[in-house]
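Hi,

Here is the structure I promised to pass on. Have a look at it first, and my notes follow below.

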Amino acid sequence: MIPTLDLLYSRCDEVGNCRLWKQACTAQGLPIISLSAKQRGMSVRRIVYKLTHERGVIAGRFVSPSCGNMKCISEHCLVQRTRSEYMIAAGRLGAYSSAATTARLTRVARSRSKLANGIESAREIRAMHAGGAPLSEIADEHGITVSAVWKIVKNMMWREVIVTNSVFNQRTT
Ligand SMILES: [Zn+2]
């Protein structure tokens, strides 16, 4: 089931041309919605973009708000960006607050890593998969290939390091 634009906008605060999502967001502040048991954690921005642009979203592109408000899903604000454009914009918007995170993002971009936000993205990908999101949608969302998503889900890439005595380790840091 694809929601209508009116339905999505009814779940937003209206501020000028912006529509600020009032419902669920990812840990990174991206508006999400669950459409069905199998389609959980879908990007609201991508849905709005697809509803309002006949040609949809180019594979691997991010949809982000030109107004700078992370919660904005307005059709008037959303633009497609490449991964590097997206990260530059996100840095400017203060989406990733700390200087350390910004520095890490820059390093990730330089190393041409396939994940915008490293292990955090991998965790998000696994969570989306556990929630039943289709591999293609996850791939689209993160600007990577379906096979890369599969490898991450199967712990063949971005494997979690399992710390056995985690309580002890937490105390020492
Ligand atoms: Zn906006």
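Two residues are called in contact here if their C-beta atoms, placed from the backbone, lie within 7 Å. Helices (H or I, at least four residues) and strands (E, at least two) are DSSP runs, numbered from the N terminus. Please keep in mind that this is a predicted model: local features need pLDDT of at least 70, side-chain atom pairs count only at pLDDT 80 or more, and totals for chains, interfaces and linings use all residues. Residues are numbered from 1 along each chain as its sequence is written.

First, the overall layout. The chain has eight helices and six strands, and along the sequence they follow the pattern α-β-β-β-β-α-β-β-α-α-α-α-α-α. Of its 173 residues, 26% are buried (20 or more other C-beta atoms within 10 Å of the residue's own; 12 or fewer counts as exposed, and in between as partly exposed). Among contacts between residues at least 6 apart in sequence, 49% join residues at least 24 apart.

Next, helix α2, residues 44-52. Its buried residues are Val-44, Arg-45, Arg-46, Ile-47, Val-48 and Tyr-49. The cover over them includes α1 (5-9), β2 (18-21), β3 (32-33), β4 (42-43), β5 (62-65) and β6 (78-81). Lys-50 also sits in α2, but Lys-50 is partly exposed because 15 other C-beta atoms lie within 10 Å. Leaving aside residues up to four places away in sequence, Lys-50 touches Gly-56 and Val-57.

Then the β1 and β2 pair. Strand β1 (residues 12-15) runs antiparallel to β2 and is joined to it by four bridges; strands pair if DSSP finds at least two bridges between them. The two form a hairpin with two residues between them, and Gly-16 in the turn has a positive phi of about 60 degrees. Asp-13 stands opposite Leu-20 in β2. On β2, Arg-19 and Trp-21 make up the covered face, while Cys-18 and Leu-20 make up the uncovered one.

The axes of α6 (residues 135-142) and α7 (residues 146-153) come within 8 Å and cross at roughly 105 degrees. The contact is made by Leu-135, Ser-136, Ile-138 and Ala-139 of α6 and Val-146, Val-149 and Trp-150 of α7.

Best wishes

Notes. Axes are lines fitted to C-alpha atoms, for helices over the stretch in contact, and angles run from 0 to 180 degrees between N-to-C directions.
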